[in-house]
Amino acid sequence: MPFKKNILCIGAGYVGGPTMAMIAYKCPQYKVTLVDINPSRIAQWNSDVLPIYEPGLDEIVKKTRDRNLFFSTEIEKGIKEADIIFVSVNTPTKTFGAGAGMAADLQYWEKTARQIQRHAESNCIIVEKSTLPVKTALAMERILTSNANDICFDVLSNPEFLAEGTAIKNLENPDRVLIGSRETPSGLRARNELVEIYANWVSKKRIITSNIWSSELSKLVANAFLAQRISSINSISALCEKTEANITEVSRAVAMDSRIGDKFLNASVGFGGSCFKKDILNLVYLCRYYGLEEVANYWEGVVKINDYQKERFVLNMLTAMFNTLAGKKICLFGFAFKADTGDTRESPAIFISRRLIEERAELVISDPKALDNAREDLEGLNGNISYIEDPYEASYGCDAIAVMTEWEIYRQLDYRKIFKSMTKLAFIFDGRNILDHNELFEIGFNVFPIGKPPQTHF
Ligand code: NAD
Ligand code: UGA
């Protein structure tokens with residue numbers, strides 16, 4: 001049976017892969033093709049070991065691959081055949097020139113736009129899936145119409161709100177799907193076409209539409225609000241440590257106000273991930289560009305508190321361990337930026353490892369899924385670092401454990417056994433507040449949570 005439509009996605013990463021797998025799974029009537037410039041990534045998508053770890057993803061890919069889901073490096077061919085093109089390439093923070101360290105680097109995005117313009121052979125809907133600065137759709141439209149031909153392109157904004165580790169759940173049952181379009185007859189037609197794709201499994205009440213600039217901006221704002229909650233609670237964790245208040249109790253009391261709610265109020269060693277920092281900096285850059293200095297400063301504070309929290313964690317370790325870490329062996333429990341993913345982009349563990357190495361500590365890094373990425377992240381760092389997946393083996397003979405990632409396995413370890421094998425005084429710094437601190441103290445550990453009084457035997 002011929003397919004009803006050809007959907008192409010350019011960029012087969014953490015967003016493109018799971019998102020297209022879900023569309024293919026829910027819409028067998030569409031042919032979905034993912035293309036990428038990175039041939040080894042495509043080879044992995046076509047193999048038994050997918051390039052990313054995401055609970056539930058393997059099953060969906062197995063059900064759809066070579067049925068109506070295809071992975072390929074043939075970008076031009078894909079563009080020629082496509083009715084709808086999602087663009088899901090990376091948009092990292094610019095590292096050079098104007099806006100370095102703040103603005104989004106749009107080079108991958110622009111290359112894609114030009115490629116579509118050169119190779120498209122029929123009318124096409126272009127969907128911005130990547131997170132982009134407001135008004136990017138205008139640039140996209142200008143590039144696409146730069147060579148007068150008869151092809152009509154409609155650009156839509158359809159930002160992705162999935163979180164890693166829960167991507168499949170989020171995609172299957174999203175809080176909302178947002179689609180922004182031009183409010184012209186052809187823009188509205190394109191928008192309806194995309195609504196109909198999602199309506200195959202998402203209730204129409206949850207599919208919301210808006211003008212295209214609101215949609216682009218909403219994505220940056222959603223991430224800024226989420227990150228702002230974490231920085232808010234983390235800033236208060238510092239005050240708790242000075243006043244003997246307990247951050248878990250404060251957070252619970254605050255969260256029971258239904259206007260505030262209980263999500264994203266877990267104090268931590270700091271937020272990581274490829275997007276929060278980059279998207280807030282992007283927002284800050286936009287505000288400055290439009291002369292809104294006070295607004296820019298307000299949001300920049302969210303990132304500054306996050307940097308402060310990571311540095312504070314290292315300084316707390318240093319102070320607790322008698323102001324020297326030189327030659328001490330420290331085991332990091334977890335390296336991923338959050339549980340249930342192997343992704344380490346912007347993981348607080350990277351910053352903390354670098355700082356601990358600066359203090360001349362020896363590091364043992366443990367993580368169930370992220371050790372390969374950890375090795376790459378710390379490559380070239382001049383220090384004594386080993387990588388051991390098994391947490392018992394990793395912590396053997398160490399002076400301290402620092403919990404970096406809230407993996408469930410770390411809650412369930414036999415800490416008596418671990419304590420026996422460690423160098424005494426045996427410290428635990430719980431950067432996620434996931435362990436039973438009273439029990440650890442009773443076992444003999446000196447325990448340093450976030451935002452709670454430490455428990456020490458000296
Ligand atoms: P990623 O780096 O995992 O994937 C991007 C892919 O695009 C890479 O495989 C890269 O090789 C490919 N690519 C780059 N230029 C290309 C080109 N010209 N042609 C073909 N392929 C090209 O990034 P990601 O995490 O999937 O993020 C993609 C976008 O989605 C970003 O804008 C990000 O902000 C946004 N986003 C990410 C998440 C997330 O959880 N990771 C969630 C929501 C939104
Ligand atoms: C985040 C958003 O949650 C997604 O909606 C968004 O689509 C995505 O960014 C994106 O644009 O990339 P993600 O970064 O995958 O998703 O993961 P989160 O669950 O948001 O966690 C981000 C960081 O905050 C992690 O390091 C996590 O450990 C930390 N965090 C989270 C806390 O420290 N405390 C909390 O209470 C919650």
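Q: What makes a residue part of the shell around ligand 1 in this predicted model, and which residues are the closest?
A: A residue counts when one of its heavy atoms lies within 4 Å of the ligand. In this predicted model, 26 residues surround ligand 1, and the closest are Val15, Asp36, Arg41, Thr91 and Lys278.

Q: What kinds of residue make up the shell around ligand 1?
A: The shell divides into nine nonpolar, ten polar and seven charged residues.

Q: Why is the pair Glu110 and Arg114 called a salt bridge?
A: The rule asks for a side-chain nitrogen of Lys or Arg within 4 Å of a carboxyl oxygen of Asp or Glu. The N to O distance between the side chains of Glu110 and Arg114 is 2.6 Å, so the pair passes. Glu110 and Arg114 are four residues apart in helix α5 (residues 107–119), about one helical turn.

Q: Why is Glu300 called buried while Arg288 is called partly exposed?
A: Buried means under 20% relative accessible area, and partly exposed lies between that and 50%. Glu300 has 15% and is therefore buried; Arg288 has 30% and is therefore partly exposed. Their side chains meet in a salt bridge of 2.7 Å, N to O. This pair links distant parts of the chain, with Arg288 in helix α11 (residues 276–289) and Glu300 in helix α12 (residues 293–320), twelve residues apart.

Q: How do you know that Arg355 and Glu311 form a salt bridge?
A: Their closest N and O atoms are 2.9 Å apart, within the 4 Å limit. The pair links helix α13 (residues 348–358), which holds Arg355, to helix α12, which holds Glu311, 44 residues apart. Arg355 is buried at 11% relative accessibility, whereas Glu311 is partly exposed at 24%.

Q: Which residues are linked in a network with Arg355?
A: Glu311, Arg355, Glu358 and Glu359 are linked by salt bridges.

Conventions. Residues are numbered from 1 along each chain as its sequence is written. Chains are lettered from A and ligands numbered from 1 in the order in which they are written. This is a predicted model: local features need pLDDT of at least 70, side-chain atom pairs count only at pLDDT 80 or more; totals for chains, interfaces and linings use all residues. Side-chain values use heavy atoms; hydrogens and water are left out. Ala, Val, Leu, Ile, Met, Phe, Trp, Tyr, Cys and Pro count as nonpolar, Asp, Glu, Lys and Arg as charged, and the others, Gly among them, as polar. Helices (H or I, at least four residues) and strands (E, at least two) are DSSP runs, numbered from the N terminus. Buried means under 20% relative accessible area, exposed over 50%, partly exposed in between (1.4 Å probe, protein chains only).
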